[in-house]
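Here are my notes for when you next have the model open.

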Amino acid sequence: MSNETHISDLVKGISTALSIVVITWNGKKYVEECLSSLEIGDDRPTSEIIVVDNASSDGTPDMIREQFPRVRLVSNKSNEGFARANNIGITTSSGEFVCLINSDVVVSPDCLKHMHQFMLENPTVGVLGPQMQCPDGRIGRSYMKFPTVWRSFCFASGLSALFGGRAPFAGFLMPRFDNKSTAEVEVLNGWFLMVRRSALADVGLLDDSFFMYGEDIDWAFRFYQAKWKSVYFAGARALHYGGASSAIAP
């Protein structure tokens, strides 16, 4: 699936405010909790929910059909990988903003409303990511700098830890970043992203040569090249369990 093939799909008619795309693969318990959270909040923008299932064998598709009839379910015949499955969801969607949400995320009732309002008020922002709440109550790291050769060396060699994350040895994990404040960042990690459709039309789809991991960094660099801002938004939060599908992958 190439970006060029589907650019026309990215600019088709908008029929709703938000399109929510969730990718599933053998994580039924998490998916059920995720979709339940997305049904809460009557004052949120109008939305559609699209689940792309990568050939789950644990009963996930049947559970979705039975418990969440308003969800549009796309069932792949094989595991197409994270990037390609998201691309299928994106090209199926029709929202002004597309939310890519991992299946092991629980969305708080006001999260999408606040993120949508921020995007409406800040038209130069192409990608928005909320604050990540970990199961133990900590604020998780959901941002980073581009992993240049120098930053990667500082991380791998331990210089970043030795100098307490201070420049010029900070590496790419941003250990001194104030995660309680909204700020522009270079990379938003791909656990939960709200993307402007007009920015998608400039940048294109995820590169599906990445089966899992790394596609978010590549995408972030392309948004950066196209002059679209990526913003970490501390005004909304969601719970992220982490590793729901990758933990059981061979």
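**Notes on the model**

1. Let's start with a helix pair. Lys28, Val31, Glu32 and Leu35 in H2 meet Thr60, Met63, Ile64 and Gln67 in H3, where contact means heavy atoms within 4.5 Å. Sorted by class, this contact has four nonpolar, two polar and two charged residues. In that sorting, Ala, Val, Leu, Ile, Met, Phe, Trp, Tyr, Cys and Pro count as nonpolar, Asp, Glu, Lys and Arg as charged, and the others, Gly among them, as polar.

2. A word on what you are looking at. This is a predicted model, in which local features need pLDDT of at least 70 and side-chain atom pairs count only at pLDDT 80 or more, while totals for chains, interfaces and linings use all residues. Residues are numbered from 1 along each chain as its sequence is written, and side-chain values use heavy atoms, with hydrogens and water left out.

3. Back to the helix pair and its geometry. H2 covers residues 28-38 and H3 covers residues 60-67; they pack at an angle of about 25 degrees, with axes 10 Å apart. Axes here are lines fitted to C-alpha atoms, for helices over the stretch in contact, and angles run from 0 to 180 degrees between N-to-C directions. H2 and H3 are therefore roughly parallel to each other, a label for angles under 35 degrees. The crossing of H2 past H3 is right-handed, meaning that the near helix is turned clockwise from the far one by less than a right angle.

4. Now the whole protein. There are nine helices and twelve strands; these are DSSP runs numbered from the N terminus, with helices being H or I of at least four residues and strands E of at least two. Of the 250 residues, 52% count as buried. Buried means under 20% relative accessible area, exposed over 50%, and partly exposed in between (1.4 Å probe, protein chains only). Among contacts with a separation of 6 or more, 79% come from residues 24 or more positions apart.

5. Which residues touch the most other members of the largest nonpolar core? They are Leu35, Leu38, Ile101, Leu112, Phe192 and Met194, in a core of 34 residues. A nonpolar core is a set of buried Ala, Val, Leu, Ile, Met, Phe, Trp, Tyr and Cys residues joined through side-chain atoms within 4.5 Å. Helix H5 (residues 111-121) gives the largest share of this core, five residues. Another core, of 28 residues, lies apart from it, and includes Ile88, Val98, Met174 and Trp228. As background, nonpolar side chains tend to be buried together in soluble globular proteins.

6. Isoleucine 101 deserves a click. Not counting residues up to four places away in sequence, Ile101 touches Ile20, Val21, Val22, Ile23, Cys34, Leu38, Val107, Trp191 and Phe192.

7. Valine 185 sits in strand S9 and counts as buried at 7% relative accessibility. Leaving aside neighbours within four places in sequence, Val185 is in contact with Tyr143, Met174, Phe177, Ser230 and Tyr232. The C-alpha atoms of Val185 and Ser230 are separated by 5.8 Å, although these residues are 45 apart along the chain.

8. Threonine 46 lies in the loop between H2 and strand S2 (47-53). Is Thr46 buried or exposed? Thr46 is exposed, with a relative accessible area of 54%. Setting aside residues up to four places away in sequence, Thr46 touches Thr16, Ala17 and Leu18.

9. The loop between S2 and H3 holds serine 56, which counts as buried at 15% relative accessibility. Beyond its neighbours within four places in sequence, Ser56 is in contact with Thr24, Trp25, Asn26 and Pro61. Alanine 55 lies in that loop between S2 and H3 too; Ala55 is partly exposed, at 28% relative accessible area.

10. Finally, some backbone checks. Most residues other than glycine have a negative phi, and most peptide bonds are trans. Alanine 55 has a positive phi of about 60 degrees, and lysine 227 has a positive phi of about 70 degrees. Lys227 is in the loop between helix H9 (215-225) and strand S12 (229-240), and counts as exposed at 72% relative accessibility. A cis peptide bond joins alanine 167 and proline 168, with omega about 5 degrees. Pro168 belongs to the loop between helix H7 (159-162) and strand S9 (183-185).

Notes: Angles under 35 degrees count as roughly parallel, over 145 as roughly antiparallel, 65 to 115 as roughly perpendicular and the rest as oblique.
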